[in-house]
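Welcome to this tour. Open the structure in your viewer, keep the selection tool at hand, and follow the stops in turn.

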Amino acid sequence: MAATALSKKKTTKSQKAPPKKKQKNEFFSTKHTATKELSDHSDTEDEEIVQNEDSEGDIGGSDSVSELSSDGDKPFTDDFLQGSEEDEGSKSGSGSDSDSDSDEYDIEKKSRAIDEERAREEQEADEEMQLNIKEESDEFRLPTKEELEEESERPPDLPSIQRRIKEIVRVLTNFKNLKQEGAPRKDYIEQLKKDLASYYGYNDFLIGALVEMFPVVELMELIEAFEKPRPMCLRTNTLKTRRRDLADVLINRGVNLDPLSKWSKVGLVVYDSQVPIGATPEYMAGFYMLQSASSFLPVMALAPQEKDRVVDMAAAPGGKTTYIAALMKNSGIIFANEMKPQRLNSLTANLHRMGVTNTIVSNYDGKQLPKVLGLNSVDRVLLDAPCSGTGVISKDESVKTSKSLEDIQNCAHLQKQLILAAIDMVDANSKSGGYIVYSTCSMMVAENEAVIDYALKKRDVKLVPCGLDFGCPGFIRFREQRFHPSLEKTRRFYPHVHNMDGFFVAKLKKMSNKKPNVDPSDPPENTEEGTRLAENEEEGTRLAKEEVGLSQSVKENSKRERTKLTKEKQDSSDGATGNGNVESLSTASKWKKRKFPSKEDVSKAREEKRQALRAEKRKVKSAS
Amino acid sequence: MRPLDESETTIVFGKLFKFVGNNLKNIVGQNPSHEGPDSNPGGYCFRLQKNKVYYVSEALVKRATTIARPNLVSLGTCIGKLTHGGSVHLIVQSLNLLASNAKHKVWLKPTSEMSFLYGNHVLKSALGRITENIAPGDGVVVFSMSDVPLGLGIVAKSTQDCRKLDPNGIVVLHQADIGGYLRMEDEL
């Protein structure tokens, strides 16, 4: 009987184990493999099984012992069984009553007890599992104010902050189901912002701006991508060598490199190198230039042709300028301008090192360049505008903490002025162009799409495709702002999508040389002001204030004469007589109306003045 | 920016002659330049700006006149600096121009390239090849064995004497080398 009991127990044992493990499978199938489950998650379960097995083993052991001993020990073993059952906190059930019963009855009771035990254990296991799961999901609640205050007093606990970040991201992705009762989405986002700022070292403004631009999961990818540096790239100088030959030579020196991508025929990416890559004899001989991959893009968009006149308004340290010269094969002419004198050295050195001979380097403020070089005088302009640098955080960590809303707005203001200057320099009627490429290494909408939108309103330009199809299109609308729909032709590049620095490129084509607005130098333009000025002018010419009207209209006339010539250097102080900027081919009838009366008035005024002079002369004659 | 005057022109041409010899006519004469946006290429000329001598094509010069003197930084290729004493030092940027027209060349062994690039003079032991008939005091362009121009120098001994020289003797005095782009970027 003991033997059968033993064997029964053994079979039940073996039967017990698989069904329990199967249930484990159901709960944790998403995360772990079957083998792992058994070891990891059924730890508690294992303990129980082990315990059971141990106790069963003990029981079995005692049974086997009892087999050897006489039958008189049976009641003893029964006591053991019953005792262990009671120890496990089972229901009394059979218990001590079965002492006096027959053996068969005992077996039935035992088997029932075993079944019940098994069921109980299963239930306990389920409950524990549920408890585990609940702990994990319920555990995440937003920290209360007291907890936050506590935390701010202690030094920051990075692992817990990181855990909290991950939890919030998980909640936000499935907000309806996982959110805490009564906690609005905003609270979660606020907490996330604070945690990201303290964990990664950003200031509040920048984190807020990034949160507004990206969905949460992408935001995490972006921030992680910013923590790591982008791979170093170099560009073959096609004036001196070919990419294949350069790659061979560098590989011989011990540099591990690969072609950059299929969109570039001159780029190489360096994985590691035994020699300093910026000091090889090939570098010094000007065979290549160390440049980040994103810097190739604006020049590829610009696509300068041979014998073009090109201006690079912010040229230092010269990577893009030398690329332009290489594309033009040293023909044509490039004006490379740089405002800061400390950076001019590197610009000239790079130009000479790479063997560029068609460049004139100047040291001007970009806004003055149209005056110096003349309006409507060049074929293409590249403006790689000075910006806040929020796209190159992986290169310069100080950007994380040093940029504020004011910085961005200052940059945007400067960029708007520069882009207008750039547009003014281009000749719309040039045979091979009339293109302006605007690029920044920033991701802020205020510095990118807003500036292009401003240029579209202020000048007669239109956006054309850049030719860089692998980028993300720019934003047409962002929060409360709405931009011109052609802004989808601009391109944005991100570190976590393209593995290059954050970048923005836009290509504009100048349609005609006229300027549809009154004041070119004041960015915040009011059309009301313009009409008021116009009205003043008309009054001035009509009223008896001849001199004022005369001087104004004379200025106007001379201005009109000057605009007829192709080359001119207008003063920027055109504020008072803005009408003179309009060319004769204007389409708005308003302008035409204003012109005709003033011409007649001018001649009238002149006649009157002449008559007045003659009258005076006669008076003087008669007097003398 | 102004054209070179008489004395300056003679000095510069004299120095160039040391390096390129009769090929000087290639540099100075009507070398058709493919620069400039005009369809008919003009020649090259020399200009002086802030004591630096520049070799530019005429088309560029015309367009550079609009840039004011304090703001003009560089034109075309800078080939040398005029010193107080009235002589001209050719600098490394002129290498591109001179290498193609050089009369005398010296090739260095691969192991001693770096030594020259650090600014040391060329010793006999570093010499790979040398053109014939060099007189002492001639200018020479230094190449690596793979025909990459490394710099400029003045020869100290003639070719015959070089052969008899002991390995540590100086053959070429260092004048300028491409390592200067890294070492002396600020002085260029």
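Start by selecting helix 20 (residues 449-458) of chain A. Helices here are DSSP runs of H or I with at least four residues, strands are runs of E with at least two, and both are numbered from the N terminus. Nine of the 10 residues in helix 20 of chain A are buried, meaning under 20% relative accessible area, while exposed is over 50% and partly exposed lies in between (1.4 Å probe, protein chains only).

A word on the model before you move on: it is predicted, local features need pLDDT of at least 70, side-chain atom pairs count only at pLDDT 80 or more, and totals for chains, interfaces and linings use all residues. Residues are numbered from 1 along each chain as its sequence is written, chains are lettered from A and ligands numbered from 1 in the order in which they are written, and side-chain values use heavy atoms, leaving out hydrogens and water.

Next, select Cys441(A), in the loop between strand 9 and helix 20 of chain A. UniProt lists Cys441(A) for "active site" in an unreviewed entry; such annotations may be inferred rather than shown by experiment, feature names are shortened, and positions are given in the numbering used here. Is Cys441(A) buried or partly exposed? Cys441(A) counts as partly exposed because its relative accessibility is 22%. Show its surroundings and you will find contacts (heavy atoms within 4.5 Å) with Cys387(A), Gly389(A), Thr390(A), Gly391(A), Val392(A), Gly502(A) and Phe503(A), setting aside residues up to four places away in sequence.

Now step to Ser439(A), in strand 9 (residues 435-440) of chain A. Ser439(A) has 0% relative accessibility, so it counts as buried. Which side chain does Ser439(A) meet in a polar contact? Look for Asp384(A), whose side chain is joined to that of Ser439(A) at 2.8 Å. A polar contact is a pair of N or O atoms within 3.5 Å; within protein, one must be able to donate a hydrogen and the other to accept it, and residues adjacent in sequence count only if both atoms are side-chain atoms. Beyond four places in sequence, Ser439(A) also touches other residues, including Pro298(A), Leu383(A) and Phe504(A).

For another loop, select Thr238(A), between strand 1 (232-236) and helix 12 (243-253) of chain A. Thr238(A) is partly exposed because its relative accessibility is 43%.

Finally, switch to chain B, which has seven helices and 12 strands. Of its 188 residues, 51% count as buried. Look for an open sheet of five strands in the order 1-2-3-5-6, with antiparallel pairing; two strands pair if DSSP finds at least two bridges between them. Its edges are strand 1 (2-3) and strand 6 (88-90) of chain B, each pairing on one side only. Strand 5 (residues 77-82) of chain B is linked to strand 6 of chain B by three bridges. To end, zoom in on Gly80(B), which stands opposite Leu90(B) in strand 6 of chain B.
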